Amino acid sequence: MQKSLALSLGCLIAPALASSANALELYEVLQFGPAHSETLLAPGGRDTADGAISNSAFGEETRQGSTGSFETEGTTFIGKNPTAIARVSGSASRAEGGAARNHGASAQATLTYQIVTLPFESGTEYGFDIPLTLFGTASIDEMGYTNGLGSSGEGNINVLDSNSIGVYSYSTDVIPEYLRQGQLQDFVGEFWMHPGMHHTLEIRAYADVAVTSGDGPGSINVATGETIIDPTFDFDQARYDDMRALDPSLPDIQLDDVFYLGITPGFVPEPSSAALLLISVAALKPRRR
């Protein structure tokens, strides 16, 4: 029974193995570097890393009897759903005889990576650009209090082609430093990619807080801020169908049946077929020269 099952699986995936080897050669030719992350925390300083990053810090300052305490965090995630997160929380109080003072902190997390569209069928060339759509929700959540200045957040997405020319840009509305209870902002954008050409994406999350020390001794004011930005990409089949209506010479295809979307690091493709699974597994294995 086990031998029969192995033979059946071998017959099923053998064609995928043949094309995956050629796809891996394309990966090597493109020579994309790993994703790059950066955090900028105040307090906490700046740090960078290849791949994902997660940094946090705590800081405290006292001026003229007024004390502000803050925690900052910057985090990025890579893989199928790249994400940037910035979080800040803080409090301020003053001692007997102390003066009311403002205290502030901020956090920023930036993730830069690349995407590429490649055909499943190796050796096939396509002379048209592929329409893609970018969508998601930027979560900007903050809370300020009456004697605090509050908090603000902002998220950005920039898409650059292989010549570093901007093809799409998105920025959330900057939320002013007033009393807020949270806000979600949906975003959607469209851009084009030629098969085999890469685009560079940069996503950035920023959050800050500003707190005024309390009205008197023992009175504490607090504020928190969090920004999460998590873009998703997909082929825009409806737009391609519109293209075909204007240009009948374009092939009658479903884009996700012909192409796949890979992202760095390691070109983790959307898992839509056995061939992609084989490519993902093979890409993890060392290749002999």
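In which strand is the place of Ala205? Select residues 198-212 and you have strand E11, where Ala205 sits. Keep in mind as you look around that this is a predicted model.

Stay on Ala205 for a moment. Buried or exposed? Buried: its relative accessible area is 0%, and the cut-off for buried is under 20%. Now show what surrounds Ala205. Skipping its neighbours within four places in sequence, the residues in contact with Ala205 include Ala84, Ile85 and Ala86, then Ala107, Gln108 and Ala109, and also Glu154, Thr227 and Ile229.

Most residues other than glycine have a negative phi, and most peptide bonds are trans. With that in mind, click on Gln64, in the loop between strand E3 (53-63) and strand E4 (66-77). Gln64 is not a glycine, yet its phi is positive, near 50°.

Now jump to Ser164, in the loop between strand E8 (150-160) and strand E9 (166-171). Here too phi is positive in a residue other than glycine, near 60°. Ser164 is exposed, with a relative accessible area of 57%.

Last stop: which residue does a cis peptide bond join to Ala42? Pro43, with omega at about 10°. To find Pro43, look in the loop between strand E1 (36-42) and strand E2 (45-50).

Methods: Residues are numbered from 1 along each chain as its sequence is written. This is a predicted model: local features need pLDDT of at least 70, side-chain atom pairs count only at pLDDT 80 or more; totals for chains, interfaces and linings use all residues. Side-chain values use heavy atoms; hydrogens and water are left out. Helices (H or I, at least four residues) and strands (E, at least two) are DSSP runs, numbered from the N terminus. Buried means under 20% relative accessible area, exposed over 50%, partly exposed in between (1.4 Å probe, protein chains only). Contact means heavy atoms within 4.5 Å.
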